[in-house]
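I opened the model to take notes on its helices, its surface and its charged pairs. The entries follow in the order I looked things up.

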Amino acid sequence: MAITTKKASHEDFHNEDSEYLAKRTLKSGSAGWLLLAGLGVSYVISGDYAGWNNGLAEGGFGGLLIAGVVIAGMYLAMVLGMAEMSSALPAAGGGYTFARRALGPWGGFATGTAILIEYAIAPAAIATFIGGYVESLNLFGITDGWWVYLAVYAIFIGIHLTGAGEALKAMFVITAIALVGLIVFAVSAWGLFDASNLTDIAADPGAAGSSSFLPFGWFGIWAAVPFAIWFFLAVEGVPLAAEEAREPEKNVPKGIIISMLLLIITGASVLFLATGALGAEALSTSGNPLVQALGDGGAAKAVNYIGLAGLVASFFSIMYAYSRQTFALSRAGYLPTRLSVTNSRKAPTLALIVPGVIGFILSLTGEGAMLLNMAVLGAAVSYVLMMISHIVLRKREPGMPRPYRTPGGIVTTSFALVIAIAAVIATFLVDPTAAMWTVVAFGAFMAYFGFYSRHHLVANSPDEEFAILAKAEEELE
């Protein structure tokens with residue numbers, strides 16, 4: 001029941017009573033830094049098993065390597081900036097919370113929407129990959145089909161509904177299995193490595209700057225950027241667990257930084273070893289690059305089976321991320337408030353189910369690559385807005401308590417901002433159709449906010465309180 005109403009900056013806010021917030025609370029203290037680091041790796045690890053290799057067809061080994069180094073630098077800089085903001089503003093909204101404080105309701109919702117598009121669409125793409133993987137393994141005669149997608153959504157939504165602690169522990173185990181698979185691959189591929197295989201794509205004489213290292217020239221680096229992002233896509237979701245973490249001001253920064261460093265190691269390992277074992281040209285079109293790189297031996301079969309765990313880990317964890325982003329936006333009134341009601345285990349029921357239903361419907365298209373490119377654009381837009389938020393908060397609120405401070409300050413996040421802008425542009429070049437569908441979805445969300453939800457915002461939700469208190473302090477000063 002709303003008990004007061006006020007208006008600020010053309011948005012309407014009201015306070016809800018204690019019963020409203022009691023129905024919309026998460027279970028605190030469910031995760032320490034180790035589970036949070038595991039969550040960060042879990043979000044991303046499927047990208048080590050497949051998808052990145054298509055960047056070889058766009059830029060060759062050299063183009064993908066340079067793009068990978070630049071993107072790794074962007075993600076590391078971004079993670080350091082997010083570590084600071086998550087320590088200062090530990091709430092379930094993650095990037096939305098940061099941008100809401102820095103950029104106001106429109107900027108906050110735009111950031112939350114971009115993140116939600118990323119996290120709602122990525123599982124749909126991964127579901128199609130899981131279906132194809134299950135069929136390729138010939139497990140019990142199971143064939144790829146809509147019912148496989150339905151099964152994975154139903155099973156993992158069910159596990160999430162049992163509570164955050166249980167879900168995070170299950171994710172940690174699955175992620176550990178997937179990491180074992182990468183270790184098996186690395187040990188086996190080392191003996192097959194041949195440096196000449198890295199540059200076996202013939203140079204295009206018509207491309208500016210082409211060589212054996214950059215067969216498609218300088219433009220190939222640009223075209224490979226979206227695929228380099230797959231090595232790290234979604235690691236930024238760790239702060240979404242802030243309200244369920246122990247000592248979030250310490251453990252969230254630690255968890256996200258450790259997961260990022262580990263992902264740099266795994267990404268570099270598969271890029272060099274898989275390409276060196278099979279060859280850039282053959283690997284560029286592979287649907288199962290790590291297995292194909294190892295040939296037909298026992299190690300290849302082991303990695304093939306464990307690879308399914310990698311896909312499941314990312315599917316499972318990104319489902320957690322979309323539910324928490326939906327929960328935070330709903331609790332604050334940006335999305336329908338029924339979506340943020342939690343069950344007896346403090347899991348947001350409809351925030352898990354509704355985006356899951358939408359994702360399942362999208363998975364029926366079977367367009368896994370296009371769906372992933374849509375997720376990449378959503379992610380890149382959110383990166384731009386989050387880095388702007390860090391810079392604005394450093395400039396406007398230098399005295400805000402920050403238990404962790406970004407090394408290099410705004411220089412670090414300005415670097416990430418520039419690369420993120422370039423990544424947004426690159427996604428339009430690689431897949432214009434996916435980019436336009438993403439723009440349509442983003443526009444629909446923003447229209448909903450403009451015409452309806454900005455007039456029904458909940459002032460005493462945790463994320464909004466951070467921003468409103470800051471505004472009041474600024475006015476007093």
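Which helices each supply at least two residues of the nonpolar patch? I found helix H8 (217-229) and helix H15 (410-430). Before going on, I note that this is a predicted model, where local features need pLDDT of at least 70 and side-chain atom pairs count only at pLDDT 80 or more, while totals for chains, interfaces and linings use all residues. Residues are numbered from 1 along each chain as its sequence is written, and side-chain values use heavy atoms, with hydrogens and water left out.

**Entry: the surface patch**

I listed the members of the nonpolar patch: Phe219, Trp222, Ile421, Ile425 and Leu429. Together they have about 480 Å² of accessible area. That area comes from the Shrake-Rupley method with a 1.4 Å probe, and for residues only the protein chains shown count as cover. A patch takes residues with over 30% relative accessible area and no salt bridge; like charges are joined within 9 Å, nonpolar side chains (Val, Leu, Ile, Met, Phe, Trp, Tyr) within 5 Å. H15 gives the most, with 3 residues. I checked one of the members, Ile421, which lies in H15. Ile421 is partly exposed, at 41% relative accessible area. My scale: buried is under 20% relative accessible area, exposed is over 50%, and partly exposed is in between (1.4 Å probe, protein chains only).

**Entry: helix H4**

Helices here are DSSP runs (H or I, at least four residues), numbered from the N terminus. I compared the span of H4 (residues 56-88) with that of a straight helix. A straight helix of 33 residues would span 48 Å at 1.5 Å a residue, but H4 spans only 40 Å between its end C-alpha atoms. The expected span is 1.5 Å times one less than the number of residues. Where does H4 bend? The bend is at Gly62 and is about 80°. I take a bend as the angle between axes fitted to the seven residues ending at a residue and the seven starting there. Of the 33 residues of H4, 26 are buried, so the rest of the structure largely encloses this helix.

**Entry: helix H5**

A straight helix of 43 residues would span 63 Å; H5 spans only 38 Å between its end C-alpha atoms. I found a kink of about 150° at Leu103, shortly before the proline Pro105. Burial covers 37 of the 43 residues, so H5 is largely enclosed by the rest of the structure. Just after H5, Asn138 takes a positive phi of about 55°.

I looked up its contacts (heavy atoms within 4.5 Å). Leaving aside neighbours within four places in sequence, Thr111 is in contact with Gly95, Tyr96, Ala99, Ser382, Leu385 and Met386.

**Entry: Met319**

Met319 lies in helix H12 (residues 298-331). Met319 is buried, with a relative accessible area of 0%. Not counting residues up to four places away in sequence, Met319 touches Pro123, Tyr153, Phe156, Ile157, His160 and Leu352. I also took the distance from Met319 to Ala207, 112 residues apart along the chain: their C-alpha atoms are separated by 41 Å.

**Entry: salt bridges**

How many salt bridges does a search of the whole structure find? The search finds 8. The test is a side-chain nitrogen of Lys or Arg within 4 Å of a carboxyl oxygen of Asp or Glu.

I went to Glu84 and Arg394, whose side chains meet in a salt bridge at 2.7 Å, N to O. This pair links distant parts of the chain, with Glu84 in H4 and Arg394 in helix H14 (residues 368-396), 310 residues apart. Glu84 is buried at 2% relative accessible area, and Arg394 counts as buried at 17%.

Next I checked Glu243 and Arg331, whose closest N and O atoms are 2.6 Å apart. Glu243 lies in the loop between H8 and helix H9 (248-278) and Arg331 in H12, so the pair ties together parts 88 residues apart in sequence. Glu243 is buried at 18% relative accessible area, and Arg331 is buried at 2%.

Last, Arg396 and Glu397 meet in a salt bridge at 3.9 Å, N to O. Arg396 is partly exposed at 38% relative accessible area, whereas Glu397 is buried at 14%. I also noted that salt bridges with shared partners join Glu84, Arg394 and Arg402 into one network.
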